[in-house]
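Hi,

Here is the model I promised to pass on. Have a look at it first, and my notes follow below.

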Amino acid sequence: MVVGVCSDSDVLKAKGPTVYTEMERADMIRECKWVHEVIVGVPYTVTVSSLDKYNCKFYAHGDDIAVNEFGEDASKEIKESGWYREFKRTWGVSTTNIVGKLLLNIWHNMEPDMPK
């Protein structure tokens, strides 16, 4: 399996600041036993030519829509080409949820005399 890790700059434009850098994300993905190759710095909006470049037979993404910096489906070209495969995401596992829980935990554990 080939996994592309989006560049920090593209993620920032589309979603906001990352929790982990692209290199940290790549290192985590390399630990997956099914991953054969990790490509760092891929564009957030995927194209058929980028899949061709790495000999990919299809593109897989979770069932949440990935919207690029222009508010467009970042997988639109791939979906139209027939190369798109979708899988069910694990509910509640997302950067947004993790950051939200961390912030709530910090807020609930603040000293009583600190403003909330």
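This is a predicted model: local features need pLDDT of at least 70, side-chain atom pairs count only at pLDDT 80 or more; totals for chains, interfaces and linings use all residues.

**The nonpolar patch and helix 5**

Helix 5 (residues 95–108) is the element that gives the most to the nonpolar patch, with three residues. (Helices, H or I with at least four residues, and strands, E with at least two, are DSSP runs numbered from the N terminus.) The patch sits on the surface and is formed by Val19, Tyr20, Met28, Val99, Leu103 and Ile106, which together have about 580 Å² of accessible area. For the patch search, residues need over 30% relative accessible area and no salt bridge; nonpolar side chains (Val, Leu, Ile, Met, Phe, Trp, Tyr) are joined within 5 Å, like charges within 9 Å. The areas come from the Shrake-Rupley method with a 1.4 Å probe, and for residues only the protein chains shown count as cover.

Ile106 lies in helix 5 and is exposed, at 56% relative accessibility. Val99 also lies in helix 5, but Val99 is partly exposed, with a relative accessible area of 33%. (Buried means under 20% relative accessible area, exposed over 50%, and partly exposed in between, with a 1.4 Å probe and protein chains only.) Val99 and Ser7 are 92 residues apart in sequence, and their C-alpha atoms are 20 Å apart in space.

Residues are numbered from 1 along each chain as its sequence is written, and side-chain values use heavy atoms, with hydrogens and water left out.

pLDDT is the predictor's confidence in each residue, on a scale from 0 to 100. The chain has a mean pLDDT of 89, and 95% of its residues reach 70 or more.

**Salt bridges**

How many salt bridges does a search of the whole structure find? There are seven, a salt bridge being a side-chain nitrogen of Lys or Arg within 4 Å of a carboxyl oxygen of Asp or Glu. As background, side chains of opposite charge can pair when their charged atoms come close.

- Arg25 bridges to Asp8, with the closest N and O atoms 3.0 Å apart. This pair links distant parts of the chain, 17 residues apart: Arg25 is in helix 2 (residues 22–30) and Asp8 in helix 1 (residues 8–14). Arg25 is buried at 18% relative accessible area, whereas Asp8 is partly exposed at 24%.
- Lys13 pairs with Asp10, and their closest N and O atoms are 3.9 Å apart. These two are three residues apart in helix 1, which means that about one helical turn separates them. Lys13 counts as partly exposed at 48%, while Asp10 is buried at 19%.
- Asp73 and Lys79 meet through their side chains at 2.6 Å, N to O. Lys79 is partly exposed, with a relative accessible area of 34%.

His61 is in strand 3 (residues 59–62) and is buried, at 17% relative accessible area. A polar atom of the His61 side chain lies 3.4 Å from the backbone oxygen of Asp64. Not counting residues up to four places away in sequence, His61 touches Ala66, Tyr84, Arg85, Glu86 and Phe87, where contact means heavy atoms within 4.5 Å.

Val48 belongs to helix 3 and is buried too, with a relative accessible area of 19%. Leaving aside neighbours within four places in sequence, Val48 is in contact with Glu77, Ile78, Ser81 and Trp83. Val48 and Glu31 are 17 residues apart along the chain, and their C-alpha atoms are separated by 27 Å.

Is Asn55 buried or exposed? Asn55 is exposed, at 69% relative accessible area, and is found in the loop between helix 3 (48–53) and strand 3. Its phi is near 55°, a positive value in a residue other than glycine. Most residues other than glycine have a negative phi. The C-alpha atoms of Asn55 and Glu22, 33 residues apart along the chain, are separated by 22 Å.

Cheers

Conventions. A polar contact is a pair of N or O atoms within 3.5 Å; within protein, one must be able to donate a hydrogen and the other to accept it, and residues adjacent in sequence count only if both atoms are side-chain atoms.
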